[in-house]
Amino acid sequence: KLKKNDEVVFELSSWRLEPLVDRQLSPGTAVVTSIFRDHLNTYNSWEEYMETKKIIIQYQKPEDWALVNMDDPILRTWEKEVAGKLVSYSLGDYGREGIFIMNNAVVIRQQGRETSILAVKDLPVEHDHERRNLLPAIWLGWQRGMASAEIKQTISKFHPLPHRLESLGAVNGV
């Protein structure tokens, strides 16, 4: 039973974003992970689909946050359209405020100051896309006052779904 000030994490597909236009509403914290040519059977064009996806950042207030995956070349073009505060996340350093991986560490840059949060080896996943997907969660924990040790302990409890990118062995060299 949600209370007025409870925080909720909710995945917003393009279809769930559409009704937000009528209320000119975007989430206070939006995480934009990637954009793919998807649902084009529902939209008249790729451009219409893109405009629908941008609703997630379009009506944010200046104090709101938009965490945007800078490793996605399409999402990098959204920078000027973010109504709130742009926070980048990526596997490399794009020179922006946000969270990224540098010198085998997860680093947060805020107001020109860099803080190493934890070592990449402490991430409970091994593939780049999985690591990238953890970065917004780490950043949000940090913003909400979690210490590095608490973040490390919390993410250590994460276990990927079984049989996803899992090595099962080799048979006849395959």
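The model is predicted, with local features requiring pLDDT of at least 70 and side-chain atom pairs counted only at pLDDT 80 or more, whereas totals for chains, interfaces and linings use all residues. Residues are numbered from 1 along each chain as its sequence is written, and side-chain values use heavy atoms, with hydrogens and water left out.

The secondary structure of the protein comprises seven helices and six strands. Helices (H or I, at least four residues) and strands (E, at least two) are DSSP runs, numbered from the N terminus. Along the sequence these elements follow the pattern α-α-β-α-α-β-α-β-β-β-β-α-α. The C-alpha trace spans about 50 × 45 × 40 Å along its principal axes. The protein has 174 residues, of which 35% count as buried; buried means under 20% relative accessible area, exposed over 50%, and partly exposed in between (1.4 Å probe, protein chains only). Contact is defined as heavy atoms within 4.5 Å. Among contacts between residues at least 6 apart in sequence, 51% join residues at least 24 apart.

The accessible surface comes to about 11,400 Å², and 50% of this surface belongs to carbon and sulfur atoms. Accessible areas were computed by the Shrake-Rupley method with a 1.4 Å probe; for residues, only the protein chains shown count as cover. The protein carries 22 positive and 24 negative charges, whose mean positions lie 5 Å apart. In this count Lys and Arg are positive and Asp and Glu negative, while His and the chain ends are not counted. Each charge is placed at NZ of Lys, CZ of Arg, CG of Asp or CD of Glu.

Strand β2 (residues 65-69) is largely enclosed by the rest of the structure, because five of its five residues are buried. The cover extends to both faces of β2: W65, L67 and N69 are buried on one side, and A66 and V68 on the other. Two strands are taken to pair if DSSP finds at least two bridges between them. By this criterion β2 pairs with strand β1 (residues 29-32) in the parallel sense over four bridges. The bridge partner of V32 in β2 is V68, and that of V31 is L67. Strand β3 (residues 85-90) also runs parallel to β2, to which it is joined by five bridges. Here L67 has V87 of β3 as its bridge partner.

A nonpolar core is a set of buried Ala, Val, Leu, Ile, Met, Phe, Trp, Tyr and Cys residues joined through side-chain atoms within 4.5 Å. The largest such core has 20 residues, and the members touching the most other members are L67, I99, V106, L118, L123, I138 and W139. Two or more residues of this core come from each of β2, β3, β4 (98-102), β5 (105-110), β6 (113-119), α6 (128-143) and α7 (148-156). Helix α6 gives the most to this core, namely five residues. With residues up to four places away in sequence left out, L123 touches V106, L118, R131, L134, I138 and I155. A second, separate core contains 18 residues, including L17, W46, I57 and V82.

Residue S14 is found in helix α1 (residues 14-17). Its relative accessibility is 0%, so S14 counts as buried. Apart from residues up to four places away in sequence, S14 touches H39, Y43, Y49, T52 and K53.

Backbone geometry was also examined. Most residues other than glycine have a negative phi. Q24, in the loop between α2 (20-23) and β1, has a positive phi, near 45°. Q24 counts as exposed because its relative accessibility is 55%. Q111 also has a positive phi, near 50°, and is placed in the loop between β5 and β6. At 79% relative accessibility, Q111 counts as exposed.

Residue K157 is in the segment after α7. With a relative accessibility of 58%, K157 counts as exposed. The C-alpha atoms of K157 and P124 are separated by 8.1 Å, and these residues are 33 residues apart along the chain.
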